[in-house]
Amino acid sequence: MDKEPLAIFLSPHFDDIALSCAGMAARLSRKGVRCIAITVFTAPSPQDEPLSSYAQWLHSQWESAGERGDDKEPINEVRREEERQAMRLLGLEYVWLDLPDAPYRHDSGGEHFYTSDEKLMGRVAPEERRLLVHHIAKEIARIAKETGAKGRIRVFAPLGVGRHVDHQLVFLAARRLGPHYGVLFYEDYPYAVRPGALAARLEELDTPIQARITSITDLIGVKIAAIARYKSQLEMLFGSSEAMPSAVKAYAEALAGTSENAGHAERYWRIPSVYVIGRVNP
């Protein structure tokens, strides 16, 4: 008996699927495709070691925006509940790998790798590139195998626009997936709206790459509703929750084109399989 089709959506953090590829996720799940979201960097902040001043600042931003209730839930629990709500809305199963977020990670001597916005959007620490990429790729393959999926598996992964180190790590892990996987890379939104960010990423990759536009006109409301679940992030990402819907629509309209009835779209990028290296198979 043939197994049901499978699509895997790779998300560096809570919110990346909703922001970047919610239209595609909602469409596939509504067509009966089994869709699994693998969110990678989801661990709570470490309780037995001090946070860097940069991580403390990030926490303060999230906590001021999120709805934490009277008991002042830890921000990671707030973000987990936001993710649960968004995934239910989109029709996705979800798996959390519970690796620590970039601002929490440090070397063996306790020195944090990423202590500023500039470092967070910069070069991946060689130690992390060596260890985490392989680990993430193996986890993706393990989860795919456990589903019992037969044949080619569609994977949606971040392109790494904006160069957030966690997005780069997940991009590199997706590049290691073997021939059983058909990988498409989504534009990391809202990084992709920054002037020159997409062009810079494509130039940095220096690899043959093909763009694919997919209409989400009938699902733009679902995408906006999914993004709205992440209340703790809206102020940092859009300035306010009220500004989010028009910003999301404007970008989706720009991707669809400039004709009067173009509607809304998402854009995905394909790197030919001949350029995939260091494969990890299920």
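Trainee: Which helix is Leu 237 in?

Mentor: Leu 237 lies in helix α9, residues 231-238, where helices (H or I, at least four residues) and strands (E, at least two) are DSSP runs numbered from the N terminus. This is a predicted model, in which local features need pLDDT of at least 70 and side-chain atom pairs count only at pLDDT 80 or more, while totals for chains, interfaces and linings use all residues. Residues are numbered from 1 along each chain as its sequence is written, and side-chain values use heavy atoms, with hydrogens and water left out.

Trainee: What is the relative accessible area of Leu 237?

Mentor: Leu 237 has a relative accessible area of 31% and is partly exposed; buried means under 20%, exposed over 50%, and partly exposed in between, with a 1.4 Å probe and protein chains only.

Trainee: What about Ser 232, buried or exposed?

Mentor: Ser 232, which is also found in helix α9, counts as buried at 0% relative accessibility. The side chains of Ser 232 and Gln 233 are joined by a polar contact of 2.9 Å, meaning a pair of N or O atoms within 3.5 Å; within protein, one must be able to donate a hydrogen and the other to accept it, and residues adjacent in sequence count only if both atoms are side-chain atoms.

Trainee: Switching to charges, how many salt bridges are there?

Mentor: The count comes to 14 salt bridges, each being a side-chain nitrogen of Lys or Arg within 4 Å of a carboxyl oxygen of Asp or Glu. One of them pairs Asp 15 with Arg 79, with the closest N and O atoms 3.5 Å apart. Asp 15 lies in the loop between β1 (6-11) and α1 (16-30) and Arg 79 in helix α3 (residues 75-90), so this pair ties together parts that are 64 residues apart in sequence.

Trainee: Are those two buried or exposed?

Mentor: Asp 15 counts as buried at 7% relative accessibility, and Arg 79 is buried as well, with a relative accessible area of 7%.

Trainee: Which residues are linked in a network of salt bridges?

Mentor: Glu 81, Arg 84 and Arg 88 are linked in such a network. Within it, the closest N and O atoms of Glu 81 and Arg 88 are 3.7 Å apart; Glu 81 is partly exposed at 31%, whereas Arg 88 is exposed at 54%.

Trainee: Last one, what does Ala 247 touch?

Mentor: Ala 247 touches Tyr 189 and Phe 238, not counting residues up to four places away in sequence, where contact means heavy atoms within 4.5 Å. Ala 247 is found in helix α10, residues 244-256, and counts as partly exposed at 28% relative accessibility.
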